[in-house]
Amino acid sequence: MNEKLAILGGMKAVASDPGDIFKWPNITREDEDAVLEVLRRGGMSGTDITRKFEQEFAAWQGTKYALGFNNGTSSIQAAMFACKVGVGDEIICPSITYWASAAQVFSFGGTVVFADVDPNTLCIDPKDIEHRISDRTKAIVAVHYLGHPADMDPIMVIAKKHKLKVIEDVSHAQGGLYKGRKLGTIGDVGAMSLMSGKSFAIGEAGILVTNDLEMYERALSLGHYEMFGPAIQTDYLKPYAGLPLGGYKYRMHQLSAAVGRIQLKYYDERCTEIRKAMNYFWDQLEGVPGIRAHRVPEDTQNNMAGWYAARGLYRSEELGGLSVTRFAEAVRAEGVLDCTPGCNAALHTHSLFNTCDVYGHGKPTRIANSARDVRELDASLPMSEKLGSMIYAIPWFKKYKPEIIQEYAYAFRKVASNYKELLKDDSGNPPTLGGWHFYRHTK
């Protein structure tokens with residue numbers, strides 16, 4: 001392939017109007033009517049629609065319990081509380097993830113020990129967990145990062161061996177499958193964001209799922225005062241019923257719940273089309289040097305759910321050492337506007353987890369109540385620190401339109417095939433690639 005690169009004055013690979021191929025979430029008259037029903041009767045601060053959504057979501061998820069939250073951050077915080085994380089306790093979490101997978105542990109007087117990630121799945125590396133466990137470790141947070149299921153079997157073996165709880169952060173992978181099991185049902189408790197940028201998008205909301213009654217009731221006791229009442233069955237919680245134990249008010253907004261009930265009806269069908277489109281994109285790039293698909297084999301036992309915030313794996317050594325920064329710049333010039341290098345920056349490098357004294361302890365919050373300086377363990381996270389140079393964003397197709405997808409795939413293939421023309425003007429990667437959150441093209 002010898003066509004001139006657009007960045008050097010050639011024609012762009014992407015010439016067609018993408019139309020609605022990136023539009024998300026898919027909001028219809030049915031969603032609007034459900035919201036208007038709540039608005040018109042003044043039920044915005046009620047819980048009746050939310051409880052119906054919780055019941056329907058639990059049935060879909062395949063768990064006994066589901067509990068709605070105002071956002072994913074509070075649902076993950078409640079999952080930590082459900083696991084009895086307290087003062088001086090530790091959780092283990094991958095360093096490559098959104099901050100809300102871990103930072104809330106500070107609110108309980110606990111701390112986080114970061115683990116490295118696998119360079120192919122981009123999820124927590126099971127081989128890097130066990131040596132980080134101490135007698136204060138309470139839970140492992142397994143993040144199904146960018147929709148890719150974490151390798152749960154070895155994680156569960158480690159957890160069982162050390163009597164630890166497992167929290168699944170399913171914010172990127174609602175409805176995904178790992179060896180035939182729905183993500184969020186494998187560990188002790190699952191929690192996830194349902195905000196409007198996710199594949200399961202209902203507004204600013206979150207939800208927690210579990211099969212354990214005590215964990216469910218601990219989660220609701222943290223910030224659901226309406227439900228924390230006479231129906232509570234966990235004996236040691238009964239004396240405190242009526243007021244939220246954490247002093248929080250975490251209920252899901254009824255407008256989000258109304259949207260959630262409608263979205264749930266069509267979610268699996270829509271995700272099937274997303275996966276068909278995304279897998280078709282990667283099929284067009286099979287065997288292209290320098291780029292690899294971040295995906296699992298699509299079958300009845302495993303899938304990438306709604307393929308949130310899609311990324312590709314970059315192998316610069318196959319392209320003469322071309323930096324991912326220059327590669328992504330050339331792909332953007334071809335018309336793929338959201339091809340940017342990197343992913344979430346490694347959390348352990350942020351000052352919040354090193355020097356910040358959030359609550360006035362007189363020392364960094366991360367070690368304020370710790371029996372050891374967990375920051376010393378951060379030195380052994382080499383993959384997390386260099387992952388930004390090995391990752392780039394790809395289009396997140398919501399519709400299966402082969403002609404359009406082919407143009408976008410051609411942009412990546414064109415750049416990879418003509419990489420030598422980019423080497424002379426390659427200034428390399430900046431010291432840090434990626435950021436603390438994502439901004440996505442959602443035309």
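Okay, let's start in the sheet: Val141 stands opposite Ile167 in β5. Those two sit in a pair of strands, β4 and β5 (residues 165–169), that run in the parallel sense over five bridges. From β4 the chain goes through helix α4 (residues 152–162) and on to β5, a right-handed β-α-β crossover. Right-handed here says that, with the strands pointing away from the viewer, the path from the first strand over the helix to the second runs clockwise.

Quick housekeeping. This is a predicted model, so local features need pLDDT of at least 70 and side-chain atom pairs count only at pLDDT 80 or more, while totals for chains, interfaces and linings use all residues. Numbering goes from 1 along each chain as its sequence is written, and side-chain values use heavy atoms, with hydrogens and water left out.

As for the names, helices (H or I, at least four residues) and strands (E, at least two) are DSSP runs numbered from the N terminus, and two strands pair if DSSP finds at least two bridges between them.

Back to β4. Strand β2 (residues 90–94) pairs with β4 too, in the parallel sense over three bridges, and there Glu90 stands opposite Thr137. Why is β4 (residues 137–143) largely enclosed by the rest of the structure? Because six of its seven residues are buried. Buried is under 20% relative accessible area, exposed is over 50%, and partly exposed is in between (1.4 Å probe, protein chains only).

As a reminder, most residues other than glycine have a negative phi, and most peptide bonds are trans. Lys163, in the loop between α4 and β5, has a positive phi near 55°. Trp307, in the loop between β10 and β11, also has a positive phi, near 60°. So, buried or exposed? Lys163 is exposed, at a relative accessible area of 75%, whereas Trp307 is buried, at 0%. Then there's a cis peptide bond joining Trp24 and Pro25, with omega about 0°; Pro25 belongs to the segment before α1 (29–40).

Next stop, α7. In α7 (324–333), the buried residues are Val324, Arg326, Phe327, Ala328, Ala330 and Val331. Their cover includes β10 (291–293), β11, β12 (391–393), α9 (402–417) and α10 (420–423). After the helix comes Gly335, with a positive phi near 110°.

In the loop between β11 (311–314) and α7 we find Leu319, which counts as buried because its relative accessibility is 0%. What is Leu319 in contact with, leaving aside neighbours within four places in sequence? The partners are Pro289, Gly290, Tyr314, Phe327, Ala416, Tyr419 and Leu423, where contact is heavy atoms within 4.5 Å. Leu319 and Lys420 are 101 residues apart in sequence, yet 7.6 Å apart in space, C-alpha to C-alpha.

A cavity, on a 1 Å grid over the protein atoms alone, is a set of points where a 1.4 Å probe fits but cannot get out, and lining residues have an atom within 4 Å of a point. The lining is Thr47, Thr50, Glu54, Gly68, His224, Glu226, Met227, Arg251 and Met252. By class, that's two nonpolar, four polar and three charged. For the classes, Ala, Val, Leu, Ile, Met, Phe, Trp, Tyr, Cys and Pro count as nonpolar, Asp, Glu, Lys and Arg as charged, and the others, Gly among them, as polar.

Notes. On a 1 Å grid over the protein atoms alone, a cavity is a set of points where a 1.4 Å probe fits but cannot get out, and a pocket is an open set with protein on both sides within 12 Å along at least five of seven lines; lining residues have an atom within 4 Å of a point.
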